[in-house]
Amino acid sequence: MSLSLRFAAGSHKGMIREGNEDSGYAGPRLLAVADGMGGQAAGEVASSEVLSTIVELDEDVPGADLLDALRSAVDRANDRLRVMVDDDPQLEGMGTTLTALLWTGSRLGLAHIGDSRAYLLRDGALEQITQDHTWVQRLVDEGRITEEEADHHPQRSLLMRALDGRGHVEPDLSVREARPGDRYLICSDGLSGVVSRETMEGTLLTYGNPGDAVQELIQLALRGGGPDNITCIVADVVDPADQPSDSPIVVGAVATVVDDTSTLPTTPASRARELTAGEYETEALVSEPGSRRKPKPKSTLRRTLPIWGGLAVLVAALGGAYYWTQTQYFVADKGDHVAIYRGIDSKILGLNLASTYQSYDDLKLTMIGQTNRDAVNSTLDAASLTEARHTIDRLKRQADVCRRAYAADEAKKAAEGNPGGQPAGSVDTFPQQNPGFPATLQSNAPVAKHTPTTASRSTRSSSPSTADPGSKGRGTSTTSPTTPASSAPPSSSPPAAAPEAPGSGLSAEEADLAKQCYPRLPGTTGTN
């Protein structure tokens, strides 16, 4: 069964905007609303050009495939914007939404991109038949916020998809079966963002004439503050015998003459030519004061994904990345000592991603050996704070072993340089094998005892003094001649041994750790 449409359309710049960047078109075969954006980048140009392109679909004999026709028209409109931006770089950033219904017989094709909306009133209930391509709608779809929260979200106008000439766009496409008595509403978010669905439903049920319904809906949006441009189309599905509409109506930025309701010529070619030339403008059904419109930029909050959407994703990614870095830890040098750092040893956009978590001033780099020193200078990553603290404990133990080893070195040197503490001519076995490494720390090279050599075995003894007959009464004594070393009997008491160094009592494991303390940095002692 062949059905027809009876329609009305209207547009208003709202209470805040100084110009109207919305465009609307209502014809016997095509209903469409485009909400331009870009402010100084000419959003009104984008919405006008898109409708001027797709108006060719409003033919007397539409093509058999509704979706192919709509997809092709959307691609042509987007290509048209691309050419305009290439010709005039000042238009870079402009874009527009598009919601269009293409009619044939009892079927209609729906093409949608952006946050303009289409509703169907059937059997007394109003249903939204499009889905917003916005950041907030994505949050709703993912269950992160509710529908009620979305209505008041500060970023509810942030678009994820729009026609902007930047690349290929993929509109939502669908085919619907129409019934007599159905009523369709297509509008920009200047209406749907201010007037609730329940109020719109009640208005569409109350006003039988499409023109009266359009005027009341716009007035409701204005009474709600009119923060944005308002454009809407109401179309009833009727039998061809019930006086359907046959003259197209254009409203908003696509028109150029204010106050009087204007219509376009009825042939597709002349409609497209006149729309492109921009010679017909109307604020249909709702007149506004003034003789000419001078477009002014509206808020630049509304942007497409390549601008604001991409920025939001980037900020979210950076925030998540930074949060992750603050769960990481590593051990590195801080001046002349060791510290635990929180974050990662890197910078992004000049921002340092690491900060000192805990500093260990007494854990000196000079006391942990060259291998550990190199590792700390290159940073020692840790899977957790606990692991980082285990690394600190290991370095502290290494430093303690080195401190004791260096103290043993110093004690041994002091003993070697003390003639009364170590007999001259004694020889240590290990230093001859590995010069520069303390013998007391070699677990596999026992230290030789200080054994007196033949040359050191001489003893001094004093014979009882014998009075010289000539020295009697002078109180002097005469020492007996010294016995030669080769014939002197060994002393019954052992020679004095060198004092044992403090670090000589190392376990086998500690002795292995002590090996890492060498080569020893100049100036290090067992007390620093």
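Trainee: How many disulfides does a search of the whole structure find?

Mentor: A search of the whole structure, which is a predicted model, finds one disulfide. As a general idea, a disulfide is a covalent bond between the sulfur atoms of two cysteines. In this case the bond joins C402 to C517, with an S to S distance of 1.9 Å.

Trainee: Which parts of the chain does the pair link?

Mentor: The pair links distant parts of the chain, since C402 sits in helix α11 and C517 in the segment after α13, 115 residues apart. The torsion about the S-S bond of C402 and C517 is about -95°, and the disulfide is therefore left-handed. With a relative accessible area of 0%, C402 is buried, and C517 is buried as well, at 1%.

Trainee: Where is the cysteine sulfur nearest to that of C187, and how should I read the distance?

Mentor: The nearest cysteine sulfur to C187 belongs to C232 and is 6.9 Å away, and C187 is in no disulfide.

Trainee: How many aromatic pairs does a search of the whole structure find?

Mentor: In general, a pair of aromatic rings is described by the distance of the centres and the angle of the planes. Here the search of the whole structure finds three aromatic pairs. In one of them, the rings of Y329 and Y357 have centres 5.5 Å apart and planes at 80°, so the pair is edge-to-face. This pair also links distant parts of the chain, with Y329 in strand β13 (residues 329-334) and Y357 in strand β15 (residues 351-364), 28 residues apart. Y329 counts as buried at 12% relative accessibility, whereas Y357 is partly exposed, with a relative accessible area of 34%.

Mentor: Another pair is formed by Y406 and Y518, whose ring centres are 5.8 Å apart and whose planes stand at 90°, so this pair is edge-to-face. Because Y406 lies in helix α11 and Y518 in the segment after α13 (508-515), the pair ties together parts that are 112 residues apart in sequence. Both Y406 and Y518 are buried.

Trainee: What joins the side chains of D409 and Y518?

Mentor: The side chains of D409 and Y518 are joined by a polar contact of 2.8 Å. D409 is found in helix α11 (residues 385-416), and at 10% relative accessibility D409 counts as buried.

Trainee: Is helix α1 largely enclosed or left open by the rest of the structure, and how many of its residues are buried?

Mentor: Of the 12 residues of α1, 11 are buried, so the helix is largely enclosed by the rest of the structure. Among the buried residues are G43, E44, V50, L51 and I54. Its length can be checked too: at 1.5 Å a residue, the 12 residues of helix α1 (residues 43-54) should span 16 Å, and the end C-alpha atoms are 17 Å apart, which agrees.

Trainee: Where does S196 lie, and which side chain does its own side chain contact?

Mentor: S196 lies in the loop between α5 (189-192) and α6 (197-206), and its side chain makes a polar contact of 2.9 Å with the side chain of T199. S196 is partly exposed, with a relative accessible area of 33%.

Conventions
Residues are numbered from 1 along each chain as its sequence is written. This is a predicted model: local features need pLDDT of at least 70, side-chain atom pairs count only at pLDDT 80 or more; totals for chains, interfaces and linings use all residues. Side-chain values use heavy atoms; hydrogens and water are left out. Helices (H or I, at least four residues) and strands (E, at least two) are DSSP runs, numbered from the N terminus. Buried means under 20% relative accessible area, exposed over 50%, partly exposed in between (1.4 Å probe, protein chains only). A polar contact is a pair of N or O atoms within 3.5 Å; within protein, one must be able to donate a hydrogen and the other to accept it, and residues adjacent in sequence count only if both atoms are side-chain atoms. The expected span of a helix is 1.5 Å times one less than its number of residues. Rings of Phe, Tyr and Trp (its six-membered ring) pair if their centres lie within 6.5 Å; planes under 30 degrees apart count as stacked, over 60 as edge-to-face and the rest as tilted. A disulfide is a pair of cysteine sulfur atoms within 2.5 Å.
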